[in-house]
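This report goes through one protein chain, from its overall fold to individual side chains. Please keep the sequence and the structure at hand while reading.

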Amino acid sequence: MKIERRRFKLASRRDVGFTLLEAIASFAIFGVSFGALLAGLSWNVSSIKFARETVRATQIMEEKLDTMRLYSWDQITTPGFITNQFYAPFSPASALWGSNAPGITYTGSITIATAPLTESYQTNIMQVTIDLYWPSSPAVRHTQMNTFVSKYGLQGYIY
């Protein structure tokens, strides 16, 4: 019986490790992937911020319009009873700032005008329009909401 010994040839220095070209290519792939991840996270944060601001704007306008619907007809038609401008602060709490988060201020204007109707009851209906503006980087955003208030509307039943 004959036992053979196999000799293993040690790898030369050229066969071990990565080449410079392979290392550069892997860093380039990693860099592009990491950049795409950061861009996606940035877009996600900005879209959530925009949605939060828009929802708050809608809440402010709904509150003002619901209040307007409950005023009496004399209060609505009396000049100066309802202020034309209002301000509503918004300071959402955040994980970084806590309750001291820097907020924004919504600036609103209320316009009361005759309703754009041609029916005979046109004089008994007023159109209320609320315009709301707020600073949101990189621009100032705007939204608007309308409602009608009737002389013989809800205010006569609730109060």
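## Overall composition

Of the 159 residues of the chain, 21% count as buried. The model is a predicted one. The accessible surface of the chain amounts to about 12,600 Å², and carbon and sulfur atoms hold 60% of that area.

The chain contains three helices and four strands. Their order along the sequence is α-α-β-β-β-β-α. When contacts between residues at least 6 apart in sequence are considered, 52% of them join residues at least 24 apart.

## The nonpolar core

The largest nonpolar core has 20 residues, and those touching the most other members are Ile60, Phe86, Tyr106, Ile110, Val128, Ile130 and Leu132. At least two residues of this core come from each of helix 1 (20–70), helix 2 (73–77), strand 1 (85–90), strand 2 and strand 3 (125–136). In soluble globular proteins, nonpolar side chains tend to be buried together.

Leaving out residues up to four places away in sequence, Ile110 touches Met68, Ile82, Thr83, Asn84, Phe86, Val128, Thr129 and Ile130. Of these contacts, Phe86, Val128 and Ile130 are also listed among the core residues that touch the most other members.

## Ser109 in strand 2

Ser109 belongs to strand 2, which covers residues 104–114. Its relative accessibility is 19%, and Ser109 therefore counts as buried, the limit for that class being under 20%.

Beyond its neighbours within four places in sequence, Ser109 is in contact with Asn84, Gln85, Phe86, Thr129, Ile130 and Asp131. Asn84, Phe86, Thr129 and Ile130 are also contacts of Ile110.

How many salt bridges does the structure hold? There are two. Side chains of opposite charge can pair when their charged atoms come close.

One of the salt bridges joins Glu53 and Lys49, with 3.1 Å between the closest N and O atoms. Glu53 and Lys49 are about one helical turn apart, because they lie four residues from each other in helix 1. Glu53 is buried at 4% relative accessible area, whereas Lys49 is partly exposed at 37%.

The side chains of Asp66 and Arg69 also form a salt bridge, at 2.4 Å from N to O. Both residues sit in helix 1, and their spacing of three residues is about one turn of the helix. Asp66 is partly exposed at 42% relative accessibility, and Arg69 is partly exposed with a relative accessible area of 27%.

Thr147 is part of strand 4, residues 139–150. With 9% relative accessibility, Thr147 counts as buried. Its side chain makes a polar contact of 3.1 Å with the side chain of Arg69, and Arg69 is also the salt-bridge partner of Asp66. Apart from residues up to four places away in sequence, Thr147 touches Leu65, Arg69, Met126, Gln127 and Val128.

Thr143 lies in strand 4 as well, but is partly exposed, at 23% relative accessible area. Thr143 and Ile130 are separated by 13 residues in sequence and by 8.4 Å between C-alpha atoms. With residues up to four places away in sequence set aside, Thr143 touches Ala57, Met61, Ile130, Asp131, Leu132 and Trp134.

## Pro89 in strand 1

Is Pro89 buried or exposed? Pro89, which is placed in strand 1, is exposed, its relative accessible area being 61%.

The C-alpha atoms of Pro89 and Thr105 are 4.3 Å apart, although the two residues are 16 residues apart along the chain. Pro89 touches Arg56, Ile104 and Thr105 when residues up to four places away in sequence are not counted.

## A nonpolar surface patch

Which residues make the nonpolar surface patch of about 520 Å²? The patch is made by Phe30, Phe34, Leu37, Leu38 and Leu41. Phe34 is located in helix 1. Phe34 is partly exposed, with 43% relative accessible area, and thus passes the patch requirement of over 30%.

Notes
Residues are numbered from 1 along each chain as its sequence is written. This is a predicted model: local features need pLDDT of at least 70, side-chain atom pairs count only at pLDDT 80 or more; totals for chains, interfaces and linings use all residues. Side-chain values use heavy atoms; hydrogens and water are left out. Buried means under 20% relative accessible area, exposed over 50%, partly exposed in between (1.4 Å probe, protein chains only). Contact means heavy atoms within 4.5 Å. A nonpolar core is a set of buried Ala, Val, Leu, Ile, Met, Phe, Trp, Tyr and Cys residues joined through side-chain atoms within 4.5 Å. A salt bridge is a side-chain nitrogen of Lys or Arg within 4 Å of a carboxyl oxygen of Asp or Glu. A polar contact is a pair of N or O atoms within 3.5 Å; within protein, one must be able to donate a hydrogen and the other to accept it, and residues adjacent in sequence count only if both atoms are side-chain atoms. Patches are made of residues with over 30% relative accessible area and no salt bridge: like charges are joined within 9 Å, nonpolar side chains (Val, Leu, Ile, Met, Phe, Trp, Tyr) within 5 Å. Accessible areas come from the Shrake-Rupley method with a 1.4 Å probe; for residues, only the protein chains shown count as cover.
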